[in-house]
Amino acid sequence: LMERKTHVKINRKEVMLAKLRKSCSCTPKKLKNFVMDFLPVLRWLPKYQCKEYIWGDVMSGLVIGIILVPQAIAYSLLAGLKPIYSLYTSFFANIIYFLMGTSRHVSVGIFSLISLMVGQVVDRELLLAGFDLNDDAPPTLGDGFLQNDSQSNTTAFNLTIAGMNAECGKECYAIGIATALTFLAGVYQVLMGVFRLGFVSMYLSESVLDGFATGASLTILTAQVKYLIGIKIPRSQGHGMLVITWINIFRNISQANLCDVITSAICIVVLVTAKELGDRYKHKLKFPLPTELLVIVVATLVSHYGKLNEVYASSVSGAIPTGFIPPKVPRFNLMLRVAVDALPLAIVSFVFTVSLSEMCAKKYAYTIRANQEMFAVGFCNIIPSFFHCFATSAALAKTLVKTSTGCQTQVSGVISAMVVLLVLLFLAPLFYSLQKCVLACIIIVSLRGALRKFRDVPARYHVNKVDTLVWVVTMSASALVSTEIGLLVGIVFSMLCVVVRTQRPRTALLGQIQDTSFYEDDSEYENLSSVPKVKIFRFEAPLYYANRNYFLKSLYRLTNLDPNLEAAIRKKSEKKEKQHLKKGDHTTANGLGIGETTLQLVPKQIDFQALVVDCSSISFLDTTGVNTLKEILKDYKDLNISVLLACCNPSVIDSLKRGGYFGKDFGSMQEMLFYSIHNAVQFAKDQQ
């Protein structure tokens with residue numbers, strides 16, 4: 001046996017006290033480092049290489065800003081809010097991430113999945129408050145909120161019970177819910193950063209995230225169909241929203257607005273064609289074509305001068321006010337209503353941001369700090385919530401555009417924010433006549449990437465069937481039940497798959513590769529030779545309470561010997577022998593001799609004298625695992641079969657020692673534990 005190193009015992013109490021003293025001490029240098037870590041812009045901005053970086057940052061910032069404006073207006077439909085709030089969100093998120101983010105390339109702002117999750121909560125709370133979700137009349141601005149007059153929305157909600165003394169209209173209440181939800185999501189993210197709970201993202205596997213994104217994309221697509229064809233149907237809420245919405249669409253298809261249908265068809269053809277051409281010739285284009293902006297400009301002009309709203313009753317965006325609404329503290333009592341909803345929103349927002357940040361950092365050879373990213377995205381939610389914004393996250397499509405247009409640092413985010421600010425201050429009213437069906441087209445075409453995941457299912461299935469099943473279950477639950485339930489189902493199901501894999505792992509009997517000291521699965525490889533009088537058993541998982549029975553069943557099945565049953569048969573045989581010897585009769589009732597009776601009771605001849613357990617795939621043992629190995633050691637010993645363990649890692653060896661597997665003084669350890677299968681086999685042969 002190799003000698004183990006003696007590790008010096010660490011006094012954990014002293015270590016924790018030392019860390020606590022270090023973290024609680026305050027020196028000028030430490031304070032400076034804390035501020036610079038909290039605001040990474042203070043580290044990299046003084047070193048900014050203007051001549052080298054400025055052109056790429058300005059170009060990418062302008063392109064992203066041009067893309068942001070139509071997307072912000074479009075995604076307001078998903079969030080169930082007015083376009084002005086989406087523009088606020090895009091502006092503040094870029095500024096704050098510029099100050100606090102550690103990724104140079106990520107584009108943080110409105111994201112379709114996050115907007116959908118916010119919109120579902122807003123719609124639910126509006127319904128509970130008694131508002132009509134389907135009233136499309138334009139609101140008016142007043143008292144820091146968008147409020148409806150008596151003609152635009154007859155339902156008003158007195159928010160005295162929610163801590164608001166003034167009567168509040170539909171839009172006032174909607175943005176109140178959205179800001180409360182956003183504030184709480186940001187608080188959760190900051191708390192996760194403080195307590196270093198970033199490991200939570202590890203439980204969101206790639207299959208879960210892809211399935212969630214695809215399922216949510218189907219929900220988004222379904223929610224936009226009514227705008228595409230210009231019908232008015234009730235907004236479905238709760239579980240099964242996708243199915244109910246499609247049923248309502250087909251019931252009301254005869255009421256489709258021909259003007260909206262034609263406009264939608266033209267816009268989708270133009271957008272898809274431009275996207276496909278852009279993808280095909282992206283290596284020749286210095287920056288992507290601003291197709292969405294061109295479509296919005298042309299569609300707005302056609303709608304305005306063609307008077308599509310007045311003549312054909314086509315639904316339009318309505319008035320978008322300029323300037324900023326005075327900041328307001330999110331309502332605490334509204335937070336109590338959405339506290340549970342904010343948790344999945346916080347996790348999804350953080351996971352998408354960190355995964356995109358890590359992807360960019362790996363591609364461009366720099367490092368990010370995941371914990372600081374959690375703080376950054378948290379404050380991108382907390383601070384803007386005071387300025388009537390809703391939840392944000394990093395967006396994949398805009399991040400890819402940002403990197404492809406020469407982005408070098410987050411200065412590009414400031415340029416994008418300035419473009420949005422220009423629209424907020426001066427250009428917003430120009431979008432009054434923009435048809436909602438055009439915004440729906442932009443949203444649907446932006447889902448191409450997520451919907452294309454369906455094409456990857458055969459390749460995914462070929463690589464890993466279990467991951468494909470996780471993807472299908474998560475996607476189905478997200479689309480057919482709800483996005484939050486779908487995410488939870490995906491996480492639980494993927495963890496169950498891991499548990500099931502360890503509960504019923506691969507097991508095998510090993511044979512020797514000819515003329516070598518190596519052993520492999522006898523059922524998988526040809527020309528392996530079995531070792532006489534020795535069985536070699538491999539168990540490819542940790543041995544713990546959940547798979548103990550499967551371990552024993554597999555061992556008994558593959559070795560063709562159940563030691564408990566064999567021992568019972570032998571005892572029964574010995575008992576009958578003793579009974580006949582007492583009677584002095586050497587024959588049984590059926591005329592057979594005692595020896596022949598024994599052969600009938602024990603028909604099986606044991607063809608091995610040693611069992612080698614390959615522990616190379618057993619990563620750990622719990623108490624049940626140790627007791628299981630002790631049990632088979634005793635049971636096989638009763639049959640004069642020795643049990644030898646091979647390739648145990650130090651953790652398993654320590655567990656066996658603590659469990660008393662080797663006896664009190666470990667004297668027999670050298671005869672029970674081996675560092676290779678071949679050593680164990682040679683020992684077994686010598687014993688024979």
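What follows is a short exchange on this predicted model.

Me: Why is Asp 341 called buried?
Reply: Its relative accessibility is 14%. Buried means under 20%, so Asp 341 counts as buried. Asp 341 sits in helix H13, residues 332-363.

Me: What makes the pair Asp 341 and Arg 124 a polar contact?
Reply: Their side chains come to 2.7 Å. The cut-off for the N or O atoms is 3.5 Å. The pair therefore falls within the limit.

Me: Why does Met 495 count as partly exposed?
Reply: Met 495 has 39% relative accessibility. Buried is under 20% and exposed is over 50%, so 39% lands in between. Met 495 belongs to helix H21, residues 483-503.

Me: How do you know which residues are listed as "transmembrane region"?
Reply: An unreviewed UniProt entry lists them, including 211-229 and 375-397. In the model, residues 211-229 are 100% helix and 0% strand, with end C-alpha atoms 28 Å apart. Residues 375-397 are 43% helix and 9% strand, and their end C-alpha atoms lie 23 Å apart.

Me: Where do the domain bounds fall?
Reply: The domain assignment gives domain 1 as 40-133 + 169-499 and domain 2 as 507-569 + 604-687. Their centres, taken over C-alpha atoms, are 55 Å apart.

Terms used. Residues are numbered from 1 along each chain as its sequence is written. This is a predicted model: local features need pLDDT of at least 70, side-chain atom pairs count only at pLDDT 80 or more; totals for chains, interfaces and linings use all residues. Side-chain values use heavy atoms; hydrogens and water are left out. Helices (H or I, at least four residues) and strands (E, at least two) are DSSP runs, numbered from the N terminus. Buried means under 20% relative accessible area, exposed over 50%, partly exposed in between (1.4 Å probe, protein chains only). Domain bounds come from an automatic or database domain assignment. UniProt positions are given in the numbering used here, feature names are shortened, and annotations may be inferred rather than shown by experiment. A polar contact is a pair of N or O atoms within 3.5 Å; within protein, one must be able to donate a hydrogen and the other to accept it, and residues adjacent in sequence count only if both atoms are side-chain atoms.
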